[in-house]
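Q: I am new to this structure. Can you show me how to read its features, one at a time?

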Amino acid sequence: MTALDQMAPEIPPLLGDSGMYREAVNQFDRVAAYMGLDPNISQRLRLPQRSLVTTFPFRRDDGRVETVFGYRVKHVLTLGPTKGGIRYAPSVNLGEVAALAMNMTWKCALVGLPYGGAKGGVRVAPETLSRGETQRLTRRYTSEIFTFIGPQRDIPAPDLGTDAQVMAWIMDTYSHHVGHGAPGVVTGKPVELGGTAVRQESTGLGLAFLLPMALEMVDLPLENTRVAVQGYGQVGRSAARAVTRLGARVVAVSDLSGGIHCPDGIDIQALEQWTDRNVWVKGFPGADPIRGDQLFEVDCEVLIPAAIQEVIHAGNAHDITASVVLEGANAPTTMEADRILRDRDILVVPDILANAGGVTVSYFEWLQGLQYYIWTDDETRQRLQQIMTTAFREIKKVAGEENVDLRTAALIKGVARVTNAKLLRGLFP
Ligand code: NAD
């Protein structure tokens, strides 16, 4: 290997080579066949409409210049501008981003938002970046995708490995390029820049709004229900806080450092203070340490995967003790595991419904950015609750009528809305 080879980034897989993309397409195909979808439409919806692949350099603190891969994919543009998060993770590739963009289309459609799905990302390990490196990488990535995004075109938001600060840098870079402040270009911004305080907690809050409705479907009470949460980032942390407020008991939490377990319930406020100081859950004095992979086996009624994709698979789906899986993460369950959970009568509230609270509050923030008009936090929470609970009721109804699981029902609803919109708009030219 030459010195040049050592410096070059590994070439990531393209669309067809990505297992995650194939899973997303297989899932869509299954539902399209069930719905008897017009093949002219299903052919179109299996593929992303626009994909941007970029490689770009950024400077490390020690002076080295590193080149990385960046992506932004728009699945369909039929319903309005596109919307979806940006992730910084070493796994990111075109197929992963395209799968997540497709997922976003169904999610936005089923809660009735005027967006198509999009997703973006940079293939980098965020924990290896200093604040300065993250800023330089973010600004260069924003320049690379500048012509692709915009308040009327495509609106990014935080996802794995990105946060409100990253959104602030994207907004600032974009605003410099267009010559005026453009708060509508991203959501999940800091409150000082037109973000909403509720966005930080929105995905967890949305999950919590659905928890009582899901428990009712399996005849379990809410009070003292035991919950295990995988991942303690934006989604996991907000979910743990919101379900605790409702009266449930979070008995186990994990992150990349490992897991913690306390059968009587973890003091979530104390855990927040601990992770504010120490970053990781590991070492938290109010609970026993467990390995990360033991989290699914902990005795509980509800499991909230809120970390990364494909963590529930054929190898561990039999070990899950929970009666309800509330999918906080995107695509945490493989299709094979989904079948196993169904056979075991475990109720799965699918990602495109369960974690839709994030994009819903993003939509509220975008509206406020376009109108330069601020809602109160209470107003935001109330509207979120109304949208989430209505979507759950509608999907439960479809599931009952069609005699299918919630994931299939949610996909049917999302795919039907996009299909109808496509037929109404017609084919150009
Ligand atoms: P984040 O980067 O803020 O947090 C991720 C957390 O998962 C961290 O605590 C990390 O340590 C942990 N983690 C990573 N790999 C793990 C593993 N193998 N086992 C246990 N823990 C692990 O990311 P986030 O924004 O909270 O996103 C989490 C998931 O939720 C992603 O799938 C994302 O696409 C999805 N999602 C996020 C939002 C949002 O608003 N941020 C909205 C909808 C869905």
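This is a predicted model: local features need pLDDT of at least 70, side-chain atom pairs count only at pLDDT 80 or more; totals for chains, interfaces and linings use all residues.

Q: How far from an oxygen atom of the ligand are the polar side-chain atoms of Q234 and N330?
A: For Q234 the distance is 2.9 Å. For N330 it is 2.8 Å.

Q: How much of the ligand's accessible area does the protein cover?
A: On its own, the ligand has 830 Å² of accessible area, and the protein covers 86% of that.

Q: Which elements give two or more residues to the shell around the ligand?
A: They are α7 (197-217), α8 (234-246) and β7 (249-255).

Q: Which residues come nearest to the ligand?
A: The ligand has 24 residues around it, and D159, G161, Q234, V235 and N330 come nearest.

Q: How do the residues of that shell divide into nonpolar, polar and charged?
A: There are 10 nonpolar, 10 polar and 4 charged residues.

Q: Now the helices. What describes two packed helices?
A: Two things do: the angle between their axes and the distance between the axes. Take α2 (residues 19-35) and α14 (residues 406-425) here. Their axes come within 10 Å and cross at roughly 75°. Angles of 65 to 115 degrees count as roughly perpendicular, so α2 and α14 are roughly perpendicular to each other.

Q: Which residues make the contact?
A: From α2 come Q27, F28, R30, V31, Y34 and M35. From α14 come R407, T408, L411, I412, V415 and A416. The residues of this contact between α2 and α14 divide into 8 nonpolar, 2 polar and 2 charged.

Q: What should I know about the backbone before looking for exceptions?
A: Most residues other than glycine have a negative phi, and most peptide bonds are trans. Now look at V279. Its phi is near 70°, a positive value in a residue other than glycine. V279 sits in the loop between α9 (268-278) and β9 (288-290).

Q: Which residues does a cis peptide bond join?
A: It joins F428 and P429, with omega about 0°. P429 lies in the segment after α14.

Methods. Residues are numbered from 1 along each chain as its sequence is written. Side-chain values use heavy atoms; hydrogens and water are left out. A residue is near a molecule or strand if one of its heavy atoms lies within 4 Å of it. A polar contact is a pair of N or O atoms within 3.5 Å; within protein, one must be able to donate a hydrogen and the other to accept it, and residues adjacent in sequence count only if both atoms are side-chain atoms. Accessible areas come from the Shrake-Rupley method with a 1.4 Å probe; for residues, only the protein chains shown count as cover. Helices (H or I, at least four residues) and strands (E, at least two) are DSSP runs, numbered from the N terminus. Ala, Val, Leu, Ile, Met, Phe, Trp, Tyr, Cys and Pro count as nonpolar, Asp, Glu, Lys and Arg as charged, and the others, Gly among them, as polar. Axes are lines fitted to C-alpha atoms, for helices over the stretch in contact, and angles run from 0 to 180 degrees between N-to-C directions. Angles under 35 degrees count as roughly parallel, over 145 as roughly antiparallel, 65 to 115 as roughly perpendicular and the rest as oblique. Contact means heavy atoms within 4.5 Å.
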